[in-house]
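Good morning, colleagues. Please take a moment with the sequence and the model on the screen before I go through the packing, the strands and the side-chain pairs.

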Amino acid sequence: MSKRRYNNYNNNFYHSKEWQQLRLQALERDLYQCQECLKQGKHTFASTVHHIVPLRADRSEALRVDNLETVCASCHNFLHPEKLKGLKAKKRVNRTHKLRGVVFHANPEN
């Protein structure tokens, strides 16, 4: 029995043919370049496709290519600090992004 990374809906979604095709379309559109790094003037290879509006917020945005951006693993971790395990990992991402000129501030709504 293998561990599932996502809940059932997300697991099925991320393994669907529709998602795989849309993911590839977004990667090719963005030339496999991290869009967050590009905002800082850096060119970084990326293979992760990020939902700008998260699935948990609006599932109707799940298969819209204009809701997707290609990001590197570091930026994806920065965009999803809630998924990191442990304070040490969160500090590492915070430090990495400070070096890029981006400073992470805690969300005051939390």
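The largest nonpolar core consists of 10 residues: F13, Y14, W19, L22, A26, L27, V49, L55, A62 and L68. By nonpolar core I mean a set of buried Ala, Val, Leu, Ile, Met, Phe, Trp, Tyr and Cys residues joined through side-chain atoms within 4.5 Å. Buried stands for under 20% relative accessible area, exposed for over 50%, and partly exposed for what lies in between, with a 1.4 Å probe and protein chains only. Two elements give two or more residues to this core, namely α1 (8-14) and α2 (17-29). The most comes from α2, with 4 residues.

Before going further, a word on the basis of these values. This is a predicted model, in which local features need pLDDT of at least 70 and side-chain atom pairs count only at pLDDT 80 or more, while totals for chains, interfaces and linings use all residues. Residues are numbered from 1 along each chain as its sequence is written, and side-chain values use heavy atoms, with hydrogens and water left out.

Next, the overall architecture. The protein has 5 helices and 2 strands, and from the N terminus on the order is α-α-α-β-β-α-α. Helices (H or I, at least four residues) and strands (E, at least two) are DSSP runs, numbered from the N terminus. Of the 110 residues in the protein, 32% are buried. Taking contacts between residues at least 6 apart in sequence, 54% join residues at least 24 apart. The accessible surface amounts to about 7,900 Å², and carbon and sulfur atoms hold 52% of that area; the areas come from the Shrake-Rupley method with a 1.4 Å probe, and for residues only the protein chains shown count as cover.

In helix α1 we find N10. With 16% relative accessibility, N10 counts as buried. Leaving aside residues up to four places away in sequence, N10 touches L55 and R59.

I turn to the strands. Strand β1 (residues 48-51) and β2 pair in the antiparallel sense over 4 bridges; two strands are taken to pair if DSSP finds at least two bridges between them. T48 has V71 in β2 as its bridge partner. In a regular strand the side chains alternate between the two faces of the sheet. In β2 (residues 68-71), L68 and T70 point one way, E69 and V71 point the other way, and all are buried.

Now the aromatic rings. The whole structure holds 4 aromatic pairs. Rings of Phe, Tyr and Trp (its six-membered ring) pair if their centres lie within 6.5 Å, and planes under 30 degrees apart count as stacked, over 60 as edge-to-face and the rest as tilted. F13 and Y14 have ring centres 5.1 Å apart and planes at 70°, so this pair is edge-to-face. F13 is buried at 7% relative accessibility, and Y14 is buried at 19%. A stacked pair is formed by Y32 and F45, with 6.1 Å centre to centre and 5° between the planes. Why does this pair tie together parts that are 13 residues apart in sequence? The reason is that Y32 lies in the loop between α2 and α3 (35-39), whereas F45 lies in the loop between α3 and β1. Y32 is partly exposed at 28% relative accessibility, and F45 is exposed at 60%. Ring pairs also link F13, Y14 and W19 into a cluster.

Finally, the charged side chains. How many salt bridges does a search of the whole structure find? The search finds 4, a salt bridge being a side-chain nitrogen of Lys or Arg within 4 Å of a carboxyl oxygen of Asp or Glu. One of them joins D30 and R29 at 2.9 Å, N to O. D30 counts as buried at 10% relative accessibility, while R29 is partly exposed at 39%. R64 meets E61 at 3.4 Å, N to O, and R64 also bridges to D66, with the closest N and O atoms 2.6 Å apart. Through shared partners, these salt bridges join E61, R64 and D66 into one network.

Conventions
Contact means heavy atoms within 4.5 Å.
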